[in-house]
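Okay, thanks for coming, everyone.

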2 protein chains.
Amino acid sequence: MNVILINEEEILTDGRVVLQGRRSEHLITVLRCEVGDRLKIGIINGMLGSGRILEIEASPYPGRVVLSISASEPPPEKLGLDLILALPRPIMLKKILAQAASMGVGAIHLINANRVEKSFFNAKLLQVGTYRQYLQHGLEQSVDTGVPQVVVHSRFRPFVEDALPALMADGTRGIIAHPGGPSPTALNPEVLKSRLLLAVGPEGGWVEFELAKFREQGFVPVGLGQRILKVDTAVVALLAQLSLLLPG
Amino acid sequence: MNVILINEEEILTDGRVVLQGRRSEHLITVLRCEVGDRLKIGIINGMLGSGRILEIEASPYPGRVVLSISASEPPPEKLGLDLILALPRPIMLKKILAQAASMGVGAIHLINANRVEKSFFNAKLLQVGTYRQYLQHGLEQSVDTGVPQVVVHSRFRPFVEDALPALMADGTRGIIAHPGGPSPTALNPEVLKSRLLLAVGPEGGWVEFELAKFREQGFVPVGLGQRILKVDTAVVALLAQLSLLLPG
């Protein structure tokens, strides 16, 4: 936790915040904070700033910490990139949500595909209150406040035929990860000037029909060389490579 | 498992191999193989090739599969990069070993540093027979055969003063990950023509003394921008960015 994230509704009218649960536990047990200490805070979907500890009650566990806060510093820039991800198994999705959030992804579209295990759409993780914590872990790691929007699309065709054109109507360009695709360095520089949508397939890859559907929407393929990587490794590797190539 | 890895000592004089345990379980239970099926095989630290299934005995669990194999195809090129990693907690190290192996890292030096928890050096994971499986998972993922060498250096000074100069005597160049360091695109092209040693610090970062010691050996800093990433995310991101910049 490199920043303590606070919901706007938690801020009392006198500007104080009372932390309980995971955050008070972290401040008391891990950081061993004391009254008067200053720490980095962020308002969720708002500004970064600092908090000063006014009170600490260590017991009953997990304690209670009262802060006075101020926040006027903008969070880091996002990547200018949204992710389309064929829904992976929940344990993999948790990792990807946290890593994508920490790297500055804007929105995450979880979609169906031929090689997606259909039962994953019933995972408890797909409930807002459940997946949100993994996004927040990623933001706490990278000191950001903007929670990526997550949208679940349980049917492939309506996504690719209806939702996708709407997502691209503002000039967003699409790239699709596919083994054997050219390196991101081969992307047309015009593509890299636009907002990007990066589509990453399931373990086992996209099927031909899916690739054709994305190509119809103007998606261009990119690859990571000869090696087949796990989905979470591939997502981080592609985000890292694209962030080198994106302006700004 | 995108390739079945076989130890040279497992190959019988008639060219057959008998698989038991994890690999037979995978072939029988996950892939539902049948006699006559062909599959991708690799000889550990040797060639890739194919195997044909001659016999399957499903019980007793996890079964037994007999293959005839041939292997004459070279594995994919390695990255031309070795990793120096401040020893992370075991759960993190498992992920990094598998991911680094899958991405083609040559050798992995696990070192001590001021912010490394000393007890991690007693982890059972640091025994050859234990960590080896995670490297192998990475190779099975990316269809490679070359097992990265892992070397544990439990004292920082002897590593940096004695071992490191020896590692760099052949013209290998060093780069050190440090928050706020310049992007890898700013690296001198001469550096990128050499074999690389990439040093990644502990959660919390290198201390000033450690940075100075690496600088004395000619290491230049690189960073990943404003965001603080977890060590496993940072390793994959840096390997991905460097692989874009390395020749070949």
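So, first thing: which strands do the buried residues of helix 1 of chain A pack against? Before I answer, keep in mind that this is a predicted model.

Helix 1 of chain A covers residues 22-30, and its buried residues are R23(A), S24(A), H26(A), L27(A) and I28(A). In general, an α-helix has 3.6 residues a turn, so residues three or four places apart point the same way. And here's the answer: the buried residues of helix 1 of chain A pack against strand 1 (4-6), strand 2 (16-20), strand 3 (38-43), strand 4 (48-57) and strand 5 (64-73), again in chain A.

Now let's hop over to chain B. There's an open sheet here, six strands in the order 8-7-6-10-9-11, with parallel pairing. At the edges you've got strand 8 (149-153) and strand 11 (220-222) of chain B, and each of those pairs on one side only. On average, neighbouring strands in this sheet are turned by 25 degrees against each other, ignoring direction. Zoom in on strand 9 of chain B, residues 173-177: strand 9 pairs with strand 11 of chain B in the parallel sense, over three bridges. Across that pairing, I176(B) sits opposite P221(B) of strand 11.

Last bit: how do the two chains relate?

Terms used. Residues are numbered from 1 along each chain as its sequence is written. Chains are lettered from A and ligands numbered from 1 in the order in which they are written. This is a predicted model: local features need pLDDT of at least 70, side-chain atom pairs count only at pLDDT 80 or more; totals for chains, interfaces and linings use all residues. Side-chain values use heavy atoms; hydrogens and water are left out. Two strands pair if DSSP finds at least two bridges between them. Helices (H or I, at least four residues) and strands (E, at least two) are DSSP runs, numbered from the N terminus. Axes are lines fitted to C-alpha atoms, for helices over the stretch in contact, and angles run from 0 to 180 degrees between N-to-C directions. Buried means under 20% relative accessible area, exposed over 50%, partly exposed in between (1.4 Å probe, protein chains only). Contact means heavy atoms within 4.5 Å.
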